[in-house]
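Hi,

Here is the structure I promised to pass on. Have a look first, and then read my notes below.

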Amino acid sequence: MTDLDLIADADRRARAYLAGVAGQRVFPDAAALAGLGAFDEPMPDAGRAAGQTLALLDDAGSPGAVASNGPHYFGFVIGATLPVAAAAERLVSAWDQCAASFDTSPVADAIEKTAARWLLELLDLPRQSAVSFNTSASAGSLSCLTAARRSLLARHGWDVDAQGLSGAPQVRVVVPQSVHVTIRKALRMMGFGTRHLIEAPVDDQGRIDPARLPGLDHLTILCLQAGEVNTGSLDRFAEIIPLARAAGAWVHVDGAFGLWARVSSIKRHLTEGIEGADSWTTDGHKWLNTPYDGAMAICRDRDALAAAMNSDAVYASASADSQKNLGIEFSRRARGIPIWAALRSLGRDGVEDMVNRHCAFANRLARGLADAGYTVLNDVDLNQVLFRLDTDAATSAAHASALETGRLWFGQTRWQGRPALRFSISSWMTSAQDIEAALAILSDCARP
Ligand SMILES: *Cc1c(COP(=O)(O)O)cnc(C)c1O
């Protein structure tokens, strides 16, 4: 097989997978899982044929894939990939650019700069902000929180880059009680002991209660959420952010999926005041339906992010707004390009339509679930529906029987101390009929 035949074979196999993904069992069955044993080989001494390696990947691997790239996946907050984004990714992978800076990839540098500008316009965030295209909201929050601490300390005359943390003025961190685990992780990695985080009490939707907001000062980082992971609720930015700003605190918003509400004229009011924060993270790979791992970290003070994340060396210096100087990775994939392709092909209207459609589907699902005997636990402001039956046993049984059908997948969580089910509608492929089909399954499962 020639090199190009191998690529053609991969393309053919990828097409066949995509053609079948909507009809496929959503979570692999026992036979497909057993088939994954084929990969448990000893590391070969002599190389195997490339074509045969690809065949194994497809024959044993494809049946073991979760059909999250289809219309029936409602777990976590996982979108499918828009065809244009997947196609752009395919071309970018043929280019194989190291998209660190202009010098390593002028094309990536040019396109990611355009994508960055578009994102700030679309999300209506301060236009001078720096945008880092990184692997995840996890990595983005780590970058932004690092910039935050560096800036707060610098304002107090402490050069953390040179002096490190020992002996530094103490930076306090306030997070919602319902804060996402990846923010906790970022803070833990930074050396903020989890025991020292100050937790802001939240309401029954997981939103910070502004009346009980802990004290803030000029050495405080305040983390807020646009899209609590269970309910989809957004913090009351318009009430909270002005208080934080007046106190001189740094406000970081985890908007992994919920920041996209800002694009919708119907939902935008939920994000009112969010533009007053200092930094924001959001994912492409969730609600924008672009490939993994593609996310954005946005920082109002360009210089703060650029200084915190700079990785210039004598052999590799680049402008401050090069991607390698805004994010964690030095060598990196041009992950902003599929995001650019998605934005260009959807346009502002297309992004808004997708967000509105998913929110409307979530409302329809919630109404249907209530009719079927479930209790819906959240306000269903966005694309998340949180629900349960009267007893914990009935909730778990309904979940298990729904998944057993193989015709959909969604997850379980705990909410206010008891098991609950969570449904996230995030895939461009999901249609109104798919929602009715899911509802029919869930209605059946509500009856023991
Ligand atoms: C998914 C999620 C994250 C983490 O995003 P990754 O891109 O998976 O790192 C953070 N916060 C919220 C609210 C999320 O839903």
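Which side chain has an N or O atom 2.9 Å from an oxygen atom of the ligand? That is Lys286. I count a polar contact as a pair of N or O atoms within 3.5 Å; within protein, one must be able to donate a hydrogen and the other to accept it, and residues adjacent in sequence count only if both atoms are side-chain atoms. The side chain of Asp254 has an N or O atom 2.6 Å from a ligand nitrogen, and for His180 the distance to a ligand nitrogen is 3.5 Å. On its own the ligand exposes 380 Å², and the protein buries 87% of that (Shrake-Rupley areas with a 1.4 Å probe).

Before you go on: this is a predicted model, where local features need pLDDT of at least 70, side-chain atom pairs count only at pLDDT 80 or more, and totals for chains, interfaces and linings use all residues. Residues are numbered from 1 along each chain as its sequence is written, and side-chain values use heavy atoms, with hydrogens and water left out.

Now the sheet. E1 runs antiparallel to E7 (295-299), joined by five bridges; Val131 has Ile298 as its bridge partner in E7.

Cheers

Methods:
Pairing = 2+ DSSP bridges. Helix = DSSP H or I, 4+ residues; strand = E, 2+ residues; numbered from the N terminus.
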